[in-house]
Amino acid sequence: MLTAGSCWGLQQFASILGFHQQQQRLHTSVCSAASSSQPPPHYVQIGRLSPSPGSSKTAIRWGRGNGSDRGTYCGRGIKGQKARKGGKPHILFDGGQKQLKKYPKVWVTPSSPVLFRQVGLSKVLRWARLGLLDTQQVITMKDLRDSGCVAKTIRWGVELVAHGNERVDVPLHLQVSSASTAAQELLEAAGGSVTRVYYTRLGLTALLKPENLEKQGRALPRPVRAWPPRDNGKYDAIGQLPPATQLPQAALPVTAARGPADGRLARAVLSSS
């Protein structure tokens with residue numbers, strides 16, 4: 001018969017045997033997981049630890065010799081043009097021969113009409129209404145430049161342009177290098193006129209800035225005899241120095257004479273002008 005003491009010993013032996021069996025099963029599962037090629041995702045291994053993508057960069061290894069591009073010569077080699085600062089030739093350099101010799105020449109200097117300084121008729125009318133331009137005399141390119149109607153830099157001349165819908169209520173008489181057909185028609189319909197005058201580069205400089213010639217002790221140049229044959233039909237007159245600013249006879253205001261004295265006075269004014 002089993003006594004109480006022997007029963008207790010059997011219980012202890014059974015519990016110890018069960019614990020050893022559980023440890024053996026756990027060891028078997030761990031070894032099988034470690035030996036498999038695809039470990040479970042929850043299983044952490046030291047060889048699988050790595051930083052997060054983009055959190056670290058590869059350090060530059062300085063001082064590993066001239067062949068590493070980070071040594072004494074920094075990848076530029078030893079001496080020579082390409083080793084100097086700014087030694088790279090420009091993009092059009094073609095081995096020392098004439099640049100762009102094998103390409104056709106496509107750029108030419110544009111003609112002077114292309115380089116005219118343009119001014120709108122509406123702006124000239126606005127300047128005249130404000131009193132910045134004297135409408136009692138012929139308005140020249142110097143008057144337009146001095147009043148600020150056109151820019152100070154005028155290399156070849158001034159061209160008057162218009163859209164055709166401007167309201168011309170002031171008869172203006174202008175002397176410019178060129179004018180559009182719409183601007184001429186609008187001014188002539190209002191009793192004004194546009195004269196296209198021809199100046200050379202020296203003559204235009206003397207017209208716009210005569211004080212420069214005075215400082216140098218030089219006299220005003222003589223006007224040219226004629227413009228080049230290729231410009232026939234582009235000009236109406238040769239530009240004078242100094243320019244004639246008197247209004248034409250047809251544009252002069254004539255006062256109605258009521259008596260002999262008034263008539264003589266009007267004729268004297270016309271003859272003096």
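These are my notebook entries on a predicted model, written down as I looked things up.

**Entry 1: the sheet**

I began with the strands. Three of them make an open sheet, and the order I wrote down is E1-E2-E4, with parallel pairing. Which strands stand at the edges? They are E1, residues 117–120, and E4, residues 178–179. Each has a single partner strand, so one side of each is left without a neighbour in the sheet.

Next I looked at how E2 meets E4. E2 covers residues 158–161, and its parallel pairing with E4 runs over two bridges. Leu-160 sits opposite Ala-179 of E4. As a reminder to myself, strands in a sheet pair through backbone hydrogen bonds, in either the parallel or the antiparallel sense.

Then I checked what lies across the strands. Helix H2, residues 121–129, lies across E1 and E2, and I noted an angle of about 65° between H2 and E1.

**Entry 2: the nonpolar core**

I looked up the largest nonpolar core and found 34 residues in it. Which of them touch the most other members? I listed Val-124, Met-141, Leu-144, Leu-160 and Leu-172. Several elements give two or more residues to this core: H2, H3, E2, strand E3 (173–176), helix H4 (181–189), strand E5 (193–198) and helix H5 (201–208). H2 gives the most, with five residues.

**Entry 3: Thr-140**

Thr-140 is in the loop between H2 and helix H3, which spans 141–146. Buried or exposed? Thr-140 is buried, with a relative accessible area of 4%. Apart from neighbours within four places in sequence, the contacts of Thr-140 are Gln-175, Pro-243 and Thr-245.

**Entry 4: salt bridges**

My count came to six salt bridges. In general, side chains of opposite charge can pair when their charged atoms come close. I followed three of these pairs.

Asp-169 and Arg-129 came up with their closest N and O atoms 3.3 Å apart. This pair links distant parts of the chain, since Asp-169 is in the loop between E2 and E3 while Arg-129 is in helix H2, 40 residues apart. Asp-169 is partly exposed at 41% relative accessibility, and Arg-129 is partly exposed at 43%. Arg-167 belongs here as well, as Arg-129, Arg-167 and Asp-169 are linked in a network of salt bridges.

Asp-146 and Lys-142 form another salt bridge, at 3.2 Å from N to O. How far apart are they along helix H3? They are four residues apart, so about one helical turn separates them. Asp-146 is partly exposed at 42%, and Lys-142 is partly exposed at 22%.

Arg-196 and Asp-236 have their closest N and O atoms 3.0 Å apart. I noted Arg-196 as buried, at 17% relative accessibility, whereas Asp-236 is partly exposed, at 42%.

Most residues other than glycine have a negative phi, and most peptide bonds are trans. I wrote down two exceptions. Lys-79 has a phi near 60°, a positive value, and Lys-79 is not glycine. Lys-79 is in the loop between helix H1 (4–35) and E1, and Lys-79 counts as exposed at 65% relative accessibility.

The other exception is the peptide bond from Leu-241 to Pro-242, which is cis with omega near -10°. Pro-242 lies in the loop between E6 and helix H7 (260–272).

**Entry 5: Leu-220**

The C-alpha atoms of Leu-220 and Leu-241 are 6.9 Å apart, although 21 residues separate the two along the chain. Leu-220 counts as partly exposed, at 39% relative accessibility.

Definitions and conventions: Residues are numbered from 1 along each chain as its sequence is written. This is a predicted model: local features need pLDDT of at least 70, side-chain atom pairs count only at pLDDT 80 or more; totals for chains, interfaces and linings use all residues. Side-chain values use heavy atoms; hydrogens and water are left out. Two strands pair if DSSP finds at least two bridges between them. Contact means heavy atoms within 4.5 Å. Axes are lines fitted to C-alpha atoms, for helices over the stretch in contact, and angles run from 0 to 180 degrees between N-to-C directions. Buried means under 20% relative accessible area, exposed over 50%, partly exposed in between (1.4 Å probe, protein chains only). A nonpolar core is a set of buried Ala, Val, Leu, Ile, Met, Phe, Trp, Tyr and Cys residues joined through side-chain atoms within 4.5 Å. A salt bridge is a side-chain nitrogen of Lys or Arg within 4 Å of a carboxyl oxygen of Asp or Glu.
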